[in-house]
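Me: I have a chain open and want to go through it piece by piece. Can you take some questions as I look?
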Amino acid sequence: MVSKETDDDFLFLAEDEPAAPVNEQTLGEWHLLIVDDDEEIHTVTKLALSDLTVLGRRLVFHHAYSGKEAVEFLRHNPETALVLLDVVMETDDAGLRVVQRIRDELMMDELRIVLRTGQPGYAPEENVIKEYDINDYKTKTELTRSKLVTSIIASLRSYQQIRTINQSRRGLQKIINAGANLLEQHSLHEFSEGVVTQISSLIGLHAEGVLCAQIEDDGSASENIYVLGAAGNYAPYIKCQLDRLDNERIVEQISKCLTTRQHLFTDKDTVLYLGNETHSAAVYIETNRPIDALDRQLIEVFLSNISIGYENVTLFQQLKHAAYIDPLTKTPNRNEFIQILQDTKRYEAENNVAVLIDINHFSDVNDGLGQDVGNELLIAVTFRLIEHFGVTAQLGRIGADVFGLVGPESELTPERLQAVFNQPFHASEHALQVDATFGLCRLIDTATQGLTILKHVYIALNKAKKQIGTNYQYYIADMEEEMAERLALLRMLRQDFSNDRLELWYQPQVSLKNHQVVGMEALLRWPQANGQFISPAVFIPLAEYSGLIVEIGSWVLEQACIQVKKLEQQGFSELRIAVNVSMPQFRNHGFVQSVIDCVNRYQVRPASLELEITESVVMDEPKIVIEALQKLKSFGIKVAIDDFGIGFSSLSYLQQLPLDRIKVDRAFIRDINQAAGEVIAETIISLGKRLHLSTIAEGVETKDQEQAVKAMGCDEVQGFMYAKPMPPDELLLFLQQQKRD
C-alpha cells in the first residue's frame, strides 16, 4: 500500500493556471461532507476550498472519519449536496461500501459523490464508475486545487440539475394529487382551505398565516372582500370580512392583487391571483422569504390546473345557495328550514316552538287575479312575518303557500300569529284580506331529526284544517299514532283491493205501492280474516283521500253491470242498481266515458244503472258534476241525490241537476215521529213531487215509519224492515223467494 504521507501536500502541487478570484454574491449554501480517516486531509481540503463559491452559494463543510460515521451523518442530513469520499479507510473498500449504502439504503439519488484514493491500482476507474453512481473518481496524487475545484463545481452543477428535475417531477406529482383532491371538493370553504394548504406544501412551507379572499360587488372596497379559507393563525376568520383580520399589510396586498389581477412576490409574502372575470380570489401566504423561480413555475402550473375547479366549486356554491334559499321570498326554503329545525332542536329545544302557516284559499288568488298578484301576496306576507317575528324567530317558505317559523313559544302564540292576518295585504293594486291556519309543535315534544319535526308540525296543521271553530292546533304524540294507523289501514286497503278481497253487497229497494223490489243499492264491504268488516265510514274517506277511490269506483261500476246482466239472465230484467259516486271520480277526466264504456261492454240497459251523488259532491265542484251528469243522463243512465238535506245544498243547483230521484236521509226517517223530523221529511218528499222526481226513504225499520212516509207520498223505501245488505248469491235467492211469494 502506498503511504498516505506521500500525498499529504497533493493540494499544493503546481498548477497550469492560477485560479481566478471569485467575487459572487452568496445567496445560499452547499453542504459538503468530507469523509477520510486522515485528519490532515480534512484540514487541507477545507483550507483549499474555504473561499470557493459555486453558483452564488458558499460551501459549508462537514466531517466524517469512517464509512459508518459518514452513513449516519447522511441519514440525518438529507440536504447534503456533495461527498468527498476516501476509498480506503477502515477497510480497503470502505468508501465503495458507503457508496452502495448511500444509493441502496438511504435512497439518496441526488447526492453527488467524488471518490478519492491514494491507491490508484486498487479499484479500476471504469468498473467503479459503471457499477456505482459516482460523479468523479480521482487519485489524490493527480488532484491539484484547480482540478479539485473543477470537479466540485461540475458535481454541484450536476446536483442542482438533478435536484431541479426531481423537484419538478415531485412538484408536478403534487400538483396532480392536489388538483385531484381539490376538484372533489364541493364546499367553497373547504376548497379554499385546500388551495392554501396545497400551495404551502408545494413550496415546502407550513400552512401558517394563509387565507383566501373573494371579491363581492366592488373589488376596490376591502369591506367587500371575504375570507373563504384559511390555515394556521387565520383559521378562525373563515367567512369573515377581510378587515376583521386587523392586518393592514394583508388587506393591502390582497386588495392590490384582486385589483391588478396579478401575482405579487415579495421577500415577506406571496399573493396569488386565482379566477377569471366572473370569479376572482387571492391566496395570501406568509413566506418570509423570496420564492425561487422553480417554485414560481410550480405555483403557476398548480393555479392553472385548479382554476377550473375553483370556477366549478363557485358555481356549485351558487347552486347550493339556490337549493336552500327560496328565490321569491329570499328566505330559507324547505330543505334549509329542516336543517334550522334540527339545529334549534339540538341546541335550543326548551321553550321554542315550530310553526307552519298555511294561507287559506291561496289558489283562488292565483286563479282569479293571476300568479303575479299571488307572488306579490306571498312577498307581502313574508315582510309582515319578518316585521312581527324577524328579531326573535327564523322564517322560511316551506311550500307554495306555507310558511314556517321557529322561535320562542312566548312569541309565536296563536294570538300573535293571527294578528299578522288581521289587516289586508297589499299586492299590486289590490288589498287582499286573507286568513291562515296554524300548526304548532313544541320542540321538547318532538323528535331530533328536522324532517320528523316538520312532519309533526304538518300533522298538527292538517288536524287544524279539519277542525271547526278554531284555526290552530298543537302537535301531540297521539296525532302521529292516529296518522300511522290511518296509513297502515290505507296500505292494507290497497293490498286487499289488489288481491280482489273487497266485496259488493246489495240492499233491495221496495215500491210502497206493491212492496215489490224495484232496485238495489250497491254497498261496498271490506271483510277481515276474523269474519268482521271494516266500516265504509272508515275506509271510504281513506280511499278518497289517497285517490284509490277512482280505481275502486271503476271496479264497483263493473261489478254492478255484471250483476245487472246476471239478474237479467235470471228473469229480473226491470231492476236497477244504484252506485255511489265520489268527487275524485268526477275529477277524473275519463270518468264519463268509462261509465258509458262499462255499460256498453256488458250490454246492459243504461236505465238499469243509477248513479247516486251526495250534496257535498255537488257543492264541491258544481260545474264539473253537473256537466258530467248531463252527459250520462243523455245516455240514459239514471241519477239520484243521496242524503238530501244533510249538506244544506243550494236549491239553485238542485234545479240544474239532471235528477231522477231524491233520497230522504235516514236521519230524518229516524226522527219522523218528532215534529221537526216529520216537517223536514215531508218537505223533501213534497219538493221531489213538485220537481217531478221519484222519492225514496232510506233507513225504514218500523211499520210506523213506513206508514208515515207513505202518507207523505213517498214512492219507495229501503231499510232493514225489508232486507239487509246481502252478497250477490243471497240477493238472487231473496229475489227468487219474493217472486214465488
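Me: Which residue in strand 14 is the bridge partner of Q394?
Reply: That is V406. This is a predicted model, where local features need pLDDT of at least 70 and side-chain atom pairs count only at pLDDT 80 or more, while totals for chains, interfaces and linings use all residues. Residues are numbered from 1 along each chain as its sequence is written, and side-chain values use heavy atoms, with hydrogens and water left out.

Me: How many bridges pair strand 13 with strand 14, and in which sense?
Reply: Strand 13 (residues 394-397) and strand 14 (residues 402-408) pair over 4 bridges in the antiparallel sense. They form a hairpin, with 4 residues between them. Two strands pair if DSSP finds at least two bridges between them. Strands (E, at least two residues) and helices (H or I, at least four) are DSSP runs, numbered from the N terminus.

Me: How many helices and strands are in the chain?
Reply: The chain has 25 helices and 27 strands. Of its 741 residues, 48% are buried. Buried means under 20% relative accessible area, exposed means over 50%, and partly exposed is in between (1.4 Å probe, protein chains only).

Me: Which residues of helix 2 are buried?
Reply: In helix 2 (residues 67-76) they are G67, A70, V71, F73 and L74. Seen down the helix axis, the buried residues fall within an arc of 165°, so they line one face of helix 2. That arc is taken from the directions from the helix axis to the C-beta atoms.

Me: What do those buried residues pack against?
Reply: Strand 1, strand 3, strand 4 and helix 3. Contact means heavy atoms within 4.5 Å. The face of helix 2 turned away from the buried side carries the exposed residues K68 and H76.

Me: New topic: is S151 buried or exposed?
Reply: S151 counts as buried, because its relative accessibility is 5%. S151 is found in helix 5 (residues 145-183). Leaving out residues up to four places away in sequence, S151 touches V114, N135 and D136.

Me: At what angle do helix 13 and helix 14 cross?
Reply: The axes of helix 13 (residues 450-466) and helix 14 (residues 477-498) cross at roughly 85° and come within 10 Å. Axes are lines fitted to C-alpha atoms, for helices over the stretch in contact, and angles run from 0 to 180 degrees between N-to-C directions. Helix 13 and helix 14 are therefore roughly perpendicular, a label for angles of 65 to 115 degrees.

Me: Which residues meet there?
Reply: Among them are K455, H456 and I459 in helix 13, and M479, E480 and R486 in helix 14.

Me: Last one: how many residues of strand 23 are buried?
Reply: In strand 23 (residues 609-614), 5 of its 6 residues are buried. Strand 23 pairs with strand 22 (residues 576-580) in the parallel sense over 4 bridges, and 5 bridges join strand 23 to strand 24 (residues 638-644), also running parallel.

Definitions and conventions:
Parallel < 35°, antiparallel > 145°, perpendicular 65-115°, else oblique.
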